[in-house]
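Work through the exercises below with the model open. Try each task before reading its solution.

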Amino acid sequence: MWPTPRTDAPVLTGAEIFVRSLEAEGVEVVFGHPGGAIIKIYDALATMQPSFQHVLVRHEQAGTHAAEGYAKATGKVGTVLVTSGPGATNTVTGIADAMLDSVPIVVFTGQVAVPLIGGDAFQECDTMGVTRSITKHSFQVRSAKDLAPTIKAAYHIARTGRPGPVVIDLPKDILVEEAEFEYPESVTLRGYAVPSAGLTEKVERAAGMIAARSGPCSTSAAGPSTAGRRKHSRSWPATRAFPSRPRFTASAPFPRPMRWRSGCSACTARTRPTWPSRPATC
């Protein structure tokens, strides 16, 4: 799965590999909250002066939400760095929110040393077990040589296909372990394939169902905006001449003056529909 490092690659500690990997991945901002399990990473940040900015958050949940906002505003993957135990569990709300809203973030969590995992050590938590159902994927790195390829895979999974959160659990002893560093240019993951187009039979079935209705209307959430299809989601109801009721997260492609926008679904406020003709069956 992982490429074999070159023999002339520099030898770095796990913490230094972490910093260099984020730089190679093009990370611009890291939202972090320090702790004992990841203190070696903060030592490396102080000595190496990386190209990315570190934003010190006051709570780990705030860090995950900040990373979500960064991802939504820039279209890039948000990055979070927290310590073990309570630091990791505090990120759960933000991770779940990113999963439900299809927001690409990578959350790095500290962990106790590998030999102590499963032994109820101080501030130990089964982070992978806690977050398994609310992430696209989760990793636990048990060797410094696997750190760079794992980071490459995590960002690839987070941003491709339907975006979402990925968790990487970092035992504290791998951060001081030394290994050759070479950041891979690409990664191949067995069993993970990104679909390039929709299934023809499902598209035809949906088109047939719409054509069979006497008064159809469309609705959409944040998906078209996330996929860069705002123009298509806006032009489709106009071309077909039926109203649209976007969810609150999809309001941007549908400004209120548009005559085919018929209110907003799942909003607490009542709005007067701007569509003047026949009623829709939505």
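A crossing of two helices is right-handed if the near helix is turned clockwise from the far one by less than a right angle, and left-handed if anticlockwise. The first two exercises use this convention. The model is predicted.

**Exercise 1. Describe how helix 1 crosses helix 7, and list the residues that meet.**

Solution. 
Step 1: Two packed helices are described by the angle between their axes and the distance between the axes.
Step 2: Take both values. The axes of helix 1 and helix 7 come within 9 Å. They cross at roughly 35 degrees.
Step 3: Assign the hand. Helix 1 and helix 7 make a right-handed crossing.
Step 4: Collect the contacts. Helix 1 brings Gly14, Ile17, Phe18, Ser21, Leu22 and Glu25. Helix 7 brings Leu147, Ala148, Ile151, Lys152, Tyr155 and Arg159.
Step 5: Sort the residues of this contact. There are 7 nonpolar, 2 polar and 3 charged.

**Exercise 2. Describe how helix 1 crosses helix 2, and classify the angle.**

Solution. 
Step 1: Locate the elements. Helix 1 spans residues 14-25, and helix 2 spans residues 39-48.
Step 2: Take the geometry. The two axes come within 8 Å and cross at roughly 60 degrees.
Step 3: Classify. That angle makes helix 1 oblique to helix 2. The roughly perpendicular class runs from 65 to 115 degrees.
Step 4: Assign the hand. Helix 1 passes helix 2 in a right-handed crossing.
Step 5: Collect the contacts. From helix 1 come Ala15, Glu16, Phe18, Val19 and Arg20. They meet Lys40, Ile41, Ala44, Leu45 and Met48 of helix 2.
Step 6: Sort them. The contact holds 7 nonpolar residues, no polar ones and 3 charged ones.
Step 7: Phe18 is listed in the contact with helix 2 and in the contact with helix 7.

**Exercise 3. How many salt bridges does the structure hold, and which residues do they join into one network?**

Solution. 
Step 1: Count. The structure holds 6 salt bridges.
Step 2: Start with Lys152 and Glu25. Their side chains meet at 3.9 Å, N to O. The cut-off is 4 Å.
Step 3: Lys152 sits in helix 7 (residues 147-159) and Glu25 in helix 1, 127 residues apart. Both Lys152 and Glu25 are buried.
Step 4: Take Asp101 and Lys72. Their salt bridge has an N to O distance of 3.7 Å. Asp101 lies in the loop between helix 5 and strand 5, Lys72 in helix 3, 29 residues apart.
Step 5: Asp101 is partly exposed because its relative accessibility is 29%. Lys72, at 54%, counts as exposed.
Step 6: Take Asp146 and Lys145. Their side chains meet at 3.4 Å, N to O. Asp146 has a relative accessible area of 21%, so it is partly exposed. Lys145 is exposed, at 51%.
Step 7: Join the bridges that share partners. Glu25, Lys152 and Arg159 form one network.

**Exercise 4. Where do Ser102 and Gln123 lie, and what is phi in each?**

Solution. 
Step 1: Recall the background. Most residues other than glycine have a negative phi.
Step 2: Read phi for Ser102. The angle is near 55 degrees, a positive value in a residue other than glycine.
Step 3: Ser102 is buried, at 11% relative accessible area.
Step 4: Read phi for Gln123. Here too the value is positive, near 55 degrees.
Step 5: Gln123 is partly exposed, with 32% relative accessible area.

**Exercise 5. Is Ser138 buried or exposed, and which residues does Ser138 contact beyond its neighbours within four places in sequence?**

Solution. 
Step 1: Locate Ser138. The residue is in strand 6 (residues 137-140).
Step 2: Apply the threshold. Ser138 has a relative accessible area of 9%, so it is buried.
Step 3: Leave out neighbours within four places. Ser138 is then in contact with Met128 and Val167.

**Exercise 6. Summarise the whole protein.**

Solution. 
Step 1: Count elements. There are 10 helices and 8 strands.
Step 2: Take burial. Of the 282 residues, 44% are buried.
Step 3: Take contact range. Consider contacts between residues at least 6 apart in sequence. Of these, 74% join residues at least 24 apart.

Terms used: Residues numbered from 1 in each chain as written. Predicted model: local features only at pLDDT ≥ 70, side-chain atom pairs only at ≥ 80, totals over all residues. Heavy atoms only, no water. Axes fitted to C-alpha atoms, helices over the stretch in contact; angles between N-to-C directions. Helix = DSSP H or I, 4+ residues; strand = E, 2+ residues; numbered from the N terminus. Parallel < 35°, antiparallel > 145°, perpendicular 65-115°, else oblique. Contact = heavy atoms within 4.5 Å. Nonpolar A, V, L, I, M, F, W, Y, C, P; charged D, E, K, R; others polar. Buried < 20%, exposed > 50% of the residue type's maximum accessible area, 1.4 Å probe, protein only.
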